[in-house]
Every structure is written in C-alpha cells, then in structure tokens.
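Hi,

Here is the model I promised to pass on.

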Amino acid sequence: MRALTWHGNNDVRVDTHPDPEILNPRDAILKVTSTAICGSDLHLYDGVIPGMKSGDILGHEFMGEVVEVGPKSTLKKGQRVVVPFTISCGQCFHCQKLQFSACDNGNPVEKQDASEMLYGHAMGGAFGYSHLTGGYAGGQAEYVRVPFSDVGPIVIPHGMSDDEVLFLSDILPTGWMAAENAQIEPGDTVAVWGAGPVGLFAVQSAVLMGAEQVICIDHHPHRLELAQKFGAKVINFEETHVREALMEMTGGIGPDAVIDAVGMEAHGFVVDNVLDVIKQKIAPGADRGHALRQALLACRKGGRVSVPGVYGGMLDKWPLGAMMEKGLQIKTGQTHVQKYTHDLLRRIQEGEIDTTFLISHRLSLEDAPTGYKNFHDKQNEWTKVVLKPGGV
Amino acid sequence: MTQHAQDDAPKRAQRDDKDGDLALVGKSVTINRPRSELFAFWRDFTNLPTFMHAIERIEVTGDRRSVWTIKAPGGQHVTLETELVDVVENQSIGWRSVETSQIKTEGVVRFEDAPAERGTIVTAEIAYEPPGGDVGRLFAKLFRAEPNIQARHELKRFKMLMETGEIATGANNRSNDGEH
C-alpha cells in the first residue's frame, strides 16, 4: 500500500509499505477514505517530538471502511467508521473512569519505558505519533490496522459525508474538552490562544457552553475571521498588547478562563520565546511556551487554565508564582476522545456544530508532502488539509 | 542514636534491596479483574510463557515440579527445574529451584484485593543467586542487566492479557516487529 512516512526534519514522503494485517483478536483493518493532517503532526514534521524513526507512517485523524475484522471485533465489513486517535482498551481503571487517553493497555509494554522515565508514568497508545505512544502505524495511508476496534471506532450513519464527521477523530473532541476543562460559568469571558483547528473548535464549544464572551488570539487574519464567524471577538497579537487588551475587554478583571490551543511551538518575537526557540533547536524535548506563559499572567484571580496544546518536555521560566498567588486551577491532557464521540456526532447531525468550514484543501494521498509543507508554511490560508487516499 | 520510625516501604523499594545473599527483584501492578481469576491463570504454569517473553516454555513434570526453558542469546537455552513451595488458594503462589538445579532462585506472587473494587494488586518477588560457571554468567546477563525492567514488563503483559484478552503490539504486520 501507499503511505505517508516520516524520514526526518521537514522530510515526509509517500512510500510503499506492506499492507497491515490482523494481529490481535480485537483488531480491524480499515480502507482509509479520508485522513487529515493535524497541527500536532507539524510538531513531528519539525522534529520536536522525540521517539520518531525513519519510515514511520504518520496520521492520527482518519476514517474509512471496515475491510477485515478479528474474531473479537464488534465491527462489520462494509461499515464506515471514524477512529479516535487514542488507542484505548475500555477495561482498565482509567478507561472505566472515562480517562481514555490514560489507558494502561494501549501502548505496547516495551514502548512504555521511555515515557515512564520521562513522565513518571507511561503514556497511552496513539496512532502515528512516535514510539513514545506505541510506534503504531498511522492512518495517512491506504489501509490501517485499528486495535481495540470494539471500543474506539464510531459507526457513521448513512447520508453523512466524510468531511462532516472526520474531525470526531481528534480536533473536535479536543476543542470540546478544552472548553469543558475551562468550566465555563454564566457571564464568563473565555480567552483562546491559537485560531488553529483546535482553537476554533474550542471557540465554537465555549460559545455553545454559554460563555458570555469568547476572545481568540492569533496573528493570521484569515484564521481570526473564522473565529469571528462563530461569534468570537479577536485580538491580533502583532498589532495589540494582548494582556492589556484582555484587561480592557473584561472591565479590568481579566478572562475567567484561558485556553492554550497553541502548545510547544508558540510564535512571538519576545525574549522568553527567542530563548525557547534556541533551546528547542539544540535539544528536542525542550518546549516553547510563550502562549501559555501569557495565558497564565492574563487569567483572572481564581480563574481556570485549560491546556489542550501539546507539550512534550520541559519548560522553564514557568510563572509558578502567578499560578500559586492567583490561585489558578489548571486542567490539561490528551483528549479522552471516546468519551465525547457519540454526543458530538449527534450535535453535528443536528446542525449545532459546523465542522466543514475548517477544510481549506483536499488532496490525494500522493500529494500529502505538499500538504504538510503548505500547512506548515502558509498557515493563514491552509487552515486544514484532508487527504483522500481513494482520490479527490 | 535516635530511634527511627519503621519505614513502611517494601524491601524491594529500599536502597539496600538484598535479601541475604540473594538479589531481589519485585514489582506490583493493579489489575482490574477478580483475584480468583488471576490466581487460576498463574497457577497453571504452562500459561506463564504467554506473558513472560524470556521463557520459551514450561513443562509440568509432576504434582509440584516443572521445568522452565529460558531463551538465551545466540539461540541458546537454559533450563531451570522448580518446585512449588507454598500455595494459598487465591492468595499466593511460591516456587523455588530444586537443589539439583544449576540456578538458585525463588519467587512468590501474591494476589490481594485492591481498594474500592479496583480489582487485584498482584505483587511478584523473585530472588536469585547466579552461581559460578558459564550458565551462571549467562543467567546473570539475562536477568541482571535490568531485572526490574524485565519484571515490570512481564507484569504489565499479564495485566494486558487479563484485562483485555490480548497483548498490545504496534507491529505493522507480521513480517515487521514495529522496529522498522
């Protein structure tokens, strides 16, 4: 089969790989019909996530048609399913508590050592996202093996298009959980850093959850326009003093909740960020955290901090004093995708959530490297790339 | 000398983790399954190679005795004959190498209820004394390098198998072990 594979920094290629096979009883094999490039794939593209090997197949946002099932799979051949990026067993302590991304059993044992050493506990499993999360082949390919296919995949009703439901795999639940973690109360102002896919879904979710005012911060004019479409006010950080603006837009209180939908590769020409960029170039595993630092300082006293943005390593100059002295609550984590898929599918069906607005480009799998390059270099216009392995 | 409070940590977590002359390895894991089910699976020693990847097979040779065939580098094998010493139904299984065995080792696995219906806490402890000679050196090489990691891996595989019915693998297909 053909698959998009990682070969090094800013080097991805479409190669020929052996087709996947059923290896465990609960596996299924999908023929991929749509798969998206995620903002977090750009962290892999930039080589800032450790644990990648040349030839790894990327892709953790995908859907397709079931073509083969193991004896314990509950799926049937011919069904169309969207697959959560988190590989979760459904039976361990964490899955039972609906903390699916913390699943004990999705990440193969020998792959758990690295994250156990880095983080104190092993990470769960995920598709196409380095050997820290299992070294699983991703879905930017013609076919993909899906472990625990009786727990993760959600069957899509007839009549719904791929484009409407594909983002149930990651960015829609991620934006939703980000807003949920902001614990929105009536009258709240929620500030969202980053008008990328997750930030835009967080904006939409925060509005649905009843925020009085949602303010989105970015520097790409087109992306900020998309945020405005959902009723957000916007701040362009290249033109405006962000913290001052946030104070002035909240009657001198500051946002009640802040959401960092940027993560480890924050932009901004300020001292802390310049130092972070240099460090990240020297050592993978060092994070850039300008957006998060700004969010912590902007958040009102006793406010809430939600961090869907991806971090992988260490961050220094962390404003711990601001966190403690202002009494901030922080909630973060990889998304517990399986917890949200059914509710969000219903909301899409009922027209409550719009997902297709985000897609700027549809490409064939063979054109995936172009998709990566432009999604990386032309963020203003290339808001989301969906690959169609069966042809556009 | 001031009297110190007794440390509640298990011996295997203490800085001095030797048990007399024997090196001690031990780990615990919580498994979301009933105690009796886990005990029954472990009690049948022929099941152990399904999650202990260093062991190729275990043959039960008598009521209490079994012969373990352990994989060694270069396609070699080491055998170890053990006898059960202490079995408490649904609680613990103890074994040790027989006197004629080339390797001196003993082990115990305990099963206790975890709090608030979280399942069962399984604790395995293995003590061993690598003897002199080639076999001993080989055994030391096999298990001494990172014996704690090995014990942790085996218990995690046991947990995966018991909770999910399978052992997770990131391999892309059978001809490829995921190390591409």
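Predicted model: local features only at pLDDT ≥ 70, side-chain atom pairs only at ≥ 80, totals over all residues.

Residues are numbered from 1 along each chain as its sequence is written, while chains are lettered from A and ligands numbered from 1 in the order in which they are written.

Helices (H or I, at least four residues) and strands (E, at least two) are DSSP runs, numbered from the N terminus. Strands S1 (residues 2–8) and S2 (residues 11–16) of chain A pair antiparallel over six bridges; pairing takes at least two DSSP bridges between two strands. Two residues separate S1(A) and S2(A) in this hairpin, and A:Asn10 in the turn has a positive phi of about 50°. A:Gly8 has A:Asp11 of S2(A) as its bridge partner. S1(A) is also joined by two bridges to the antiparallel strand S4 (residues 56–57) of chain A, with A:Trp6 opposite A:Asp56.

Chain B contains three helices and seven strands, in the order β-α-β-β-β-β-β-β-α-α from the N terminus. Of its 180 residues, 28% count as buried (20 or more other C-beta atoms within 10 Å of a residue's own, with C-beta atoms placed from the backbone).

Best wishes

Key:
Buried ≥ 20, exposed ≤ 12 C-beta atoms within 10 Å, placed from the backbone.
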